[in-house]
Amino acid sequence: MHVCRYREAGTLLRWMGEDLRGKRVLDVAGGDGYWAGRAAKRGAEAVSIDLARRKMLYGRTLTHAPPLIESDALTLPFADAAFDAVLSVCAIEHFDDGGRSLDEMGRVLKPGGEILMSADVLSRADEWPKLRDAHRSKYSVKHTYTHESLGELLGDRGLDLVDHSYQFRGRAAERLYLSLSAYGGRIGFNAAAPLTPLVALADRRAPNERGSIVLIRARRRF
């Protein structure tokens, strides 16, 4: 876990709501289940799926650990309309078929339920090809998305884009993100934690139209 994830996933959880009692929440590709556990702490009946068994074994030791199910995000083992909300933190860019994963997220979501997700954008990555290639290789990034491209994919599946937000919006911030990601990893991000308020402030001042990561909130039609 690194400090950037707290800001990223924290926004998605804020969109989900503070009081989740009576809600069923699924975290797709949730790793050790930490963020599903945060939803459970707010009262949700939360479950996390992933294929990374080592992360899941670790997740069983966490406070507020949710049920952890070993499952492929492209073939979810749940009935239609089983969840009130689906969470997915920077996972879709790693899937071979992002559209198929959205098919499944939409399928298990109740009408009126919401998908809250983030994805790699890397809007200026072509300016720094070495950093781009190092990031893609290190984290197995197969695709990148924008709020427009995700909105179109979601719209084709009966979900309407409600809100979006970019992080690391400015050129300097995006280069910092790629540099830390490519060469610093979790240790580098955590060492750079004092810069987080400055990046957040810069993001608020920059247009909400590009950046390194996009956060999406979409609602399934009735």
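I looked up the largest nonpolar core first: it has 35 residues, and Leu12, Met16, Val25, Trp35, Ala39, Leu87 and Leu116 touch the most other members. A nonpolar core here is a set of buried Ala, Val, Leu, Ile, Met, Phe, Trp, Tyr and Cys residues joined through side-chain atoms within 4.5 Å; buried means under 20% relative accessible area with a 1.4 Å probe, protein chains only. The elements giving two or more residues to this core are α1 (3-16), α2 (34-41), β4 (83-88), α7 (171-191) and β7 (213-220). Helices (H or I, at least four residues) and strands (E, at least two) are DSSP runs, numbered from the N terminus.

The model is predicted: local features need pLDDT of at least 70, side-chain atom pairs count only at pLDDT 80 or more, and totals for chains, interfaces and linings use all residues. Residues are numbered from 1 along each chain as its sequence is written, and side-chain values use heavy atoms, with hydrogens and water left out.

I then checked leucine 12. Beyond four places in sequence, its contacts (heavy atoms within 4.5 Å) are Leu87, Ser88, Val89, Leu116, Met117, Ser118, Leu215 and Ile216.

Next I traced the sheet. It is open, with seven strands in the order β3-β2-β1-β4-β5-β7-β6 and mixed pairing; two strands pair if DSSP finds at least two bridges between them. β3 (68-70) and β6 (159-167) each have a single partner strand, so one side of each lacks a neighbour in the sheet.

Last, I looked at β6 and β7. They run antiparallel and are joined by eight bridges. Aspartate 160 has arginine 219 in β7 as its bridge partner.

Conventions
Buried means under 20% relative accessible area, exposed over 50%, partly exposed in between (1.4 Å probe, protein chains only).
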